[in-house]
Amino acid sequence: MAVKDFWKRHENLYFAVSNKKVILGVTVFLAIVALAIFGPMVTPYDYEEFAGRGYQPPSKEHWFGTTIMGRDVFTQVVFGLRSTLLVGFLAGTIASAIGLVVGFVSGFFSGKAPDEGLMALTNIFMVIPSLTLLIILSAYLPYRGIATQAIIVAATAWPWTARAVRSQTLSLKSQEFVNLSRISAAPTFRIIREDIAANMFSYVFMVYILQFNGTILSSVGLEFLGLGPTRGISLGLVLQNAVNWNALHLGMWWWTIIPGLILTLMIVSLYFINTGLDEVFNPRLREM
């Protein structure tokens, strides 16, 4: 009975752990995270270190093969995964935070000066070509670390979140429980936090997953163009080096395909998590 009572109180959790898409996505994503965390501990090399002969395919000594310069591809991938995941986490968090604040405030004060000003700013950022802005910002900075890259990527990633959250806030603020809080003279911040944001938790969680996914792709795109962090290694930089050295033309498929496959699996796993959670939180999709 205790187990049944637990699942009754946590209905969404029950449907989440029984949803095949969520299970598959979480399993693959956690495996990639584990590779990023524990991979550098099991490799005897540094990502810039000469590890052996070049042009070596995957083997017992070099699990993902070696580069043309004899560096270990497995080492570069696991260290690069750490950097890519960290940038995605920081950029996704920053972009989500900005979008949520703008969306909540704009939606709550719809039709008033705060709403007009914030939406005008949001529209400006939406019409600016994001890739062009990212390239300009990255190119003119003398030093680019992980935090700097995360801020640059987040600067163009938040507008769609702001507009989506504003739309949801507009529909919630007309509900009776929000009007009751207004009548009781509750502070504005408390109404937004407890009556609106609290009832959008599932939506906000899914928005964050999309932001995390999108910022990873943006950061890898910048790194592939040579505009990533000025020091260190990342998945985008591994792929850029493979393309610059014509790895595929030289038959070194492992240098390009393995990092690209891991990146693809990570993006697809986040997509499965998001679509699975959509089914979990939406009863109509759940019944289908």
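The crossing of H3 and H4 is left-handed, a term used when the near helix is turned anticlockwise from the far one by less than a right angle, with clockwise giving right-handed. This is a predicted model, in which local features need pLDDT of at least 70 and side-chain atom pairs count only at pLDDT 80 or more, while totals for chains, interfaces and linings use all residues. Residues are numbered from 1 along each chain as its sequence is written, and side-chain values use heavy atoms, with hydrogens and water left out.

Let me stay with that first crossing. Helix H3, residues 20-42, packs against helix H4, residues 73-108, at an angle of about 125 degrees, and their axes are 8 Å apart. That makes H3 oblique to H4, since angles under 35 degrees count as roughly parallel, over 145 as roughly antiparallel, 65 to 115 as roughly perpendicular and the rest as oblique. Contact here means heavy atoms within 4.5 Å, and the residues that make it include Phe 29, Ile 32 and Leu 35 of H3 and Phe 74, Val 78 and Arg 82 of H4.

H3 also packs with helix H13, residues 253-281, at an angle of about 145 degrees and with the axes 7 Å apart, and this crossing, too, is left-handed. Among the residues that meet are Lys 21, Phe 29 and Leu 35 in H3, and Ser 269, Phe 272 and Glu 279 in H13.

Now to the loops. Most residues other than glycine have a negative phi. Tyr 55, however, has a phi near 65 degrees and is placed in the loop between H3 and H4. Asn 246, in the loop between helix H12 (235-244) and H13, likewise has a positive phi, of about 55 degrees. Tyr 55 is partly exposed at a relative accessible area of 42%, where buried means under 20%, exposed over 50% and partly exposed in between, with a 1.4 Å probe and protein chains only; Asn 246 is partly exposed at 41%.

Finally, the rings. The structure holds ten aromatic pairs, meaning rings of Phe, Tyr and Trp (its six-membered ring) with centres within 6.5 Å, whose planes count as stacked under 30 degrees apart, edge-to-face over 60 and tilted for the rest. In one of them, Phe 108 and Phe 109 have ring centres 5.2 Å apart and planes at 80 degrees, so the pair is edge-to-face. Phe 108 is buried at 9% relative accessibility, whereas Phe 109 is partly exposed at 24%.

Conventions
Axes are lines fitted to C-alpha atoms, for helices over the stretch in contact, and angles run from 0 to 180 degrees between N-to-C directions. Helices (H or I, at least four residues) and strands (E, at least two) are DSSP runs, numbered from the N terminus.
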